[in-house]
Amino acid sequence: MLTLKPGLYDATATGLQAADLQCACFKATNKSALSPITLTHAYARLTLTVTKDASFAAAATFTNLSLAGTHIYTEGTYNVFNTTVPFPASAYSGARTGTQAIDCPISPASTLPQGATANTCTFSLLLIPVSLTTDDIKLTLTVNGEKMSVKLPISKIAGSKFEAGKNYNVNLTLTSGTLTVSSVSLVNWENAGQMGGDLDASYPKS
């Protein structure tokens, strides 16, 4: 089993709060000539793009992000012997009792400058894949020290699930005192590529 821990993700950073994992399952003997193996993301990715509306004239400093709901895993495992691609929700397990939350401090804080011009910032979360059946998801951003929450209806999430290898893009609009969901879309999260070669696991070596 592979241990998974969801959290903030930055593909360009060297020290990640959550590390992306990619894997594949294949069968081979100690002298098998391997066909190219495609590695697949073990996580689902949630990308939040926040646009500060012109009505929010002050600077906006983001210091925390949380995601809460009965479908949210705060930790879990992935069965590395799963051979189904895309990875099904049944390949994952973890404790989910009632409403749980992923709480992510944003460090360093992200600030949108003061001014009437609309501007944006983006945050990404790695999530443990899961089927969404009941209850909406509560998304909370701490802006200038104030918690601002919005419901993310599962009806807006394609297939009503967070699927491994998919990137769920959520556009949010920040106005004076209000955070709203503008749109939700789904794209494939690009895989790392393929790995090939000959597997030689014989021992001892001659």
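The questions and answers below go through some of the terms applied to this predicted model.

Me: What do the numbering and the values rest on?
Reply: Residues are counted from 1 along each chain as its sequence is written, and side-chain values use heavy atoms, with hydrogens and water left out. Because the model is predicted, local features need pLDDT of at least 70 and side-chain atom pairs count only at pLDDT 80 or more, whereas totals for chains, interfaces and linings use all residues.

Me: Why is serine 66 called buried?
Reply: Buried means under 20% relative accessible area, exposed means over 50%, and partly exposed lies in between, with a 1.4 Å probe and protein chains only; serine 66 has 12%, so it counts as buried.

Me: What makes glutamate 163 and lysine 161 a salt bridge?
Reply: The term asks for a side-chain nitrogen of Lys or Arg within 4 Å of a carboxyl oxygen of Asp or Glu, and the closest N and O atoms of this pair are 3.3 Å apart, so the pair qualifies. Glutamate 163, at 12% relative accessibility, is buried, while lysine 161, at 32%, is partly exposed.

Me: How do you know that tyrosine 78 and tyrosine 92 form a tilted aromatic pair?
Reply: Rings of Phe, Tyr and Trp (its six-membered ring) pair if their centres lie within 6.5 Å, and planes under 30 degrees apart count as stacked, over 60 as edge-to-face and the rest as tilted. Tyrosine 78 and tyrosine 92 are 5.0 Å centre to centre with 40° between the planes, and therefore they are a pair of the tilted kind.
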